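Please consult the sequence and the structure shown here alongside the text.

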Amino acid sequence: MSQQNDSSNVDSNDYLANLPFVKIFTKGGFRAAVQPGKLLLAAMGIILIFLAGWLLDAMTPSGARVMSLTDPSGQTTTELEAYINGSFTARRDFTAFRDQIQMVNEQQLKTMLMAPPLGKTDDTADKLVQDGAALSEIRHELNRRFDGVVDVLARRYENRCRVIQEE
């Protein structure tokens, strides 16, 4: 008698039917899923997740982001890979590794700033690296040089087109 009155008694073959996500695959589930309001709500959720991630990335200081180190053999190791591999016995070993990566990266930036295209002085390069403006300075110079090369190539192309038309 208790089994007849118990509405929660479920046939053992039909246990999936009570799960909410299974209703998507039923006859009317597709029509309910493609309603414009629900699609718009899902799109807004995706956009909100993207914006939240972008905001959190922007709020993270550059010193706390994952860094990578390329050794002389060309092998690139990130601090995240090193942490996951568990190659450190103590946190101070990991911190020392991270500090080494940061020091090598800063030295590479300084070298790039002092190289012929940029030609910055030692003090200027140090200041740019410490202020975190080294990458933007390098990117700005490379973009400026790229624009100059594009102009030269455009002039060569136009001259070549004129020569071909005159022949």
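Lysine 110 is buried, because its relative accessible area is 15% and buried means under 20% relative accessible area, with exposed over 50% and partly exposed in between (1.4 Å probe, protein chains only). The model is a predicted one, in which local features need pLDDT of at least 70 and side-chain atom pairs count only at pLDDT 80 or more, whereas totals for chains, interfaces and linings use all residues. Residues are numbered from 1 along each chain as its sequence is written, and side-chain values use heavy atoms, with hydrogens and water left out.

Lysine 110 belongs to helix H5; helices (H or I, at least four residues) and strands (E, at least two) are DSSP runs, numbered from the N terminus. Its side chain takes part in the two polar contacts tabulated below. A polar contact is a pair of N or O atoms within 3.5 Å; within protein, one must be able to donate a hydrogen and the other to accept it, and residues adjacent in sequence count only if both atoms are side-chain atoms.

| Side chain | Partner side chain | Distance |
|---|---|---|
| Lysine 110 | Aspartate 122 | 2.7 Å |
| Lysine 110 | Aspartate 126 | 3.2 Å |

Not counting residues up to four places away in sequence, lysine 110 touches Asp122, Ala125, Asp126 and Val129, where contact means heavy atoms within 4.5 Å.

**Overall organisation**

The chain contains 7 helices and 2 strands, in the order α-α-α-β-β-α-α-α-α along the sequence. Of its 167 residues, 12% are buried. Among contacts between residues at least 6 apart in sequence, 27% join residues at least 24 apart.

Helix H5 (residues 91-114) has 24 residues and should span 34 Å at 1.5 Å a residue; its end C-alpha atoms are 35 Å apart, which agrees. The expected span is 1.5 Å times one less than the number of residues. The buried residues of H5 are Phe94, Phe97, Arg98, Ile101, Leu109, Lys110 and Leu113.

Helix H3 (residues 36-59) reaches 34 Å from its first C-alpha to its last, close to the 34 Å expected for its 24 residues. H3 is hardly covered, with a count of 0 buried residues.

The axes of H5 and H7 come within 10 Å and cross at roughly 35 degrees; axes are lines fitted to C-alpha atoms, for helices over the stretch in contact, and angles run from 0 to 180 degrees between N-to-C directions. At this meeting, Leu109, Met112 and Leu113 of H5 face Ala134, Leu135, Glu137 and Ile138 of H7 in contact.

Leu109, Leu113, Leu118, Ala125, Leu128, Val129, Ala134 and Ile138 form the largest nonpolar core, of 8 residues. Such a core is a set of buried Ala, Val, Leu, Ile, Met, Phe, Trp, Tyr and Cys residues joined through side-chain atoms within 4.5 Å. H5, helix H6 (122-131) and helix H7 (134-166) each give two or more residues to this core, and H6 supplies the largest share, 3 residues.

Glutamate 141 lies in H7 and is buried, with a relative accessible area of 11%. Apart from neighbours within four places in sequence, glutamate 141 is in contact with Pro117 and Leu118.
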